[in-house]
Amino acid sequence: MSHSSLPFPLLRRGLALVVASLFTAASAHGAERPALDVPYIKTPPAVVERMLELGRVGPDDYLIDLGSGDGRIPIAAAVKHGTRGLGVDLDPERTREATALAQEAGVADKLEFRTENLFDTDLSQASVITMYLFPEINLKLRPHLLALKPGTRIVAHAFHMDEWTPDHHEVVEGRDIFMWTIPAQIAGLWRVKAPGHRDFVMRIWQTLNDVRATAITLDEHSIPAMNVNVQGSHFRYTLNTAEGPLNFEGTVQGARMKGTGTAGEWTAERM
Ligand SMILES: C[S@@+](CC[C@H](N)C(=O)[O-])C[C@H]1O[C@@H](n2cnc3c(N)ncnc32)[C@H](O)[C@@H]1O
């Protein structure tokens, strides 16, 4: 499903044929098969391995693979990195296969496979989400992904999410892999206290992971923040003041920020 190697209409026609053949095979055995949003196509092992590296999976992570097929992504994460996880797939045949393969690999105690529509899955426990789905499904998932804990990694095979620029993109064996880190949601007004300075207000605008900000001082000066960056719950910016550049770097936790910078330790509270 690499979008860089196939024109899109051709790709969709090809996949439609795969879906059609799946249904033919199913009806030949007389079994009821669900209407899938995306056909079953496996991610090659080298791509799985790189997806897990980009997701920085470890033993403390909880990985959810949305549309898990034979479970190869959660199983590889559990075997190689000791990661716990969940795979959901609409097709019960895939759930049975993944459960058996997890048992064979000796990681059944770390993993759960469920027959479930991925749009019904509770994602709140995830620290890493993996997916190999269609672009429109990725986009439909996007608001649910953005509501996850800051710092959660999303790793997608084949398709990205439009104007939400990934932190990383690379091609492995001709397959595109994309990685995003869920940013803290920091748009709004914040009152900042920094030593040696009068309190000021930061006004922050945010669209996806694109953040702009302006400092408004009590004497109504406005200073645009430069080099603004949010990565998970980490936030930094620079203010060019009359005394020279002031760097601020810190972390966001709910309605508070704290960190260090040129002026020393600073804190901020949502107004
Ligand atoms: C392209 S395959 C990816 C399989 C596996 N994640 C991998 O990378 O090898 C997509 C999978 O999504 C499943 N699927 C399609 N629509 C789904 C839905 N609405 N909810 C859950 N799973 C779905 C399909 O059955 C298929 O196994």
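**Exercise 1.** How far is a nitrogen atom of the ligand from an N or O atom in the side chain of Asp-65?

*Solution.* The model is predicted: local features need pLDDT of at least 70, side-chain atom pairs count only at pLDDT 80 or more, and totals for chains, interfaces and linings use all residues. Residues are numbered from 1 along each chain as its sequence is written, and side-chain values use heavy atoms, with hydrogens and water left out.

Step 1. For Asp-65, the distance to the ligand nitrogen is 3.0 Å. A polar contact is a pair of N or O atoms within 3.5 Å.

Step 2. Ligand oxygen atoms are also involved: one is 2.5 Å from an N or O atom in the side chain of Thr-43, and a polar side-chain atom of Asp-89 lies 2.6 Å from a ligand oxygen.

Step 3. The protein buries 100% of the 600 Å² that the ligand exposes when taken alone (Shrake-Rupley method, 1.4 Å probe).

**Exercise 2.** Describe the shell around the ligand by class.

*Solution.* Step 1. The shell has 9 nonpolar, 5 polar and 6 charged residues; Asp, Glu, Lys and Arg count as charged, and Gly is among the polar ones.

Step 2. Of the 20 residues around the ligand, those that come nearest include Asp-37, Gly-67 and Leu-118 (near: a heavy atom within 4 Å).

**Exercise 3.** Is Tyr-237 buried or exposed?

*Solution.* Step 1. Tyr-237 belongs to strand β12, residues 234–241 (a DSSP run of E, at least two residues).

Step 2. Tyr-237 is buried because its relative accessibility is 3% (buried: under 20%; exposed: over 50%; 1.4 Å probe, protein chains only).

Step 3. Ala-225 is 12 residues from Tyr-237 in sequence, with 5.9 Å between their C-alpha atoms.

Notes: A polar contact is a pair of N or O atoms within 3.5 Å; within protein, one must be able to donate a hydrogen and the other to accept it, and residues adjacent in sequence count only if both atoms are side-chain atoms. Helices (H or I, at least four residues) and strands (E, at least two) are DSSP runs, numbered from the N terminus.
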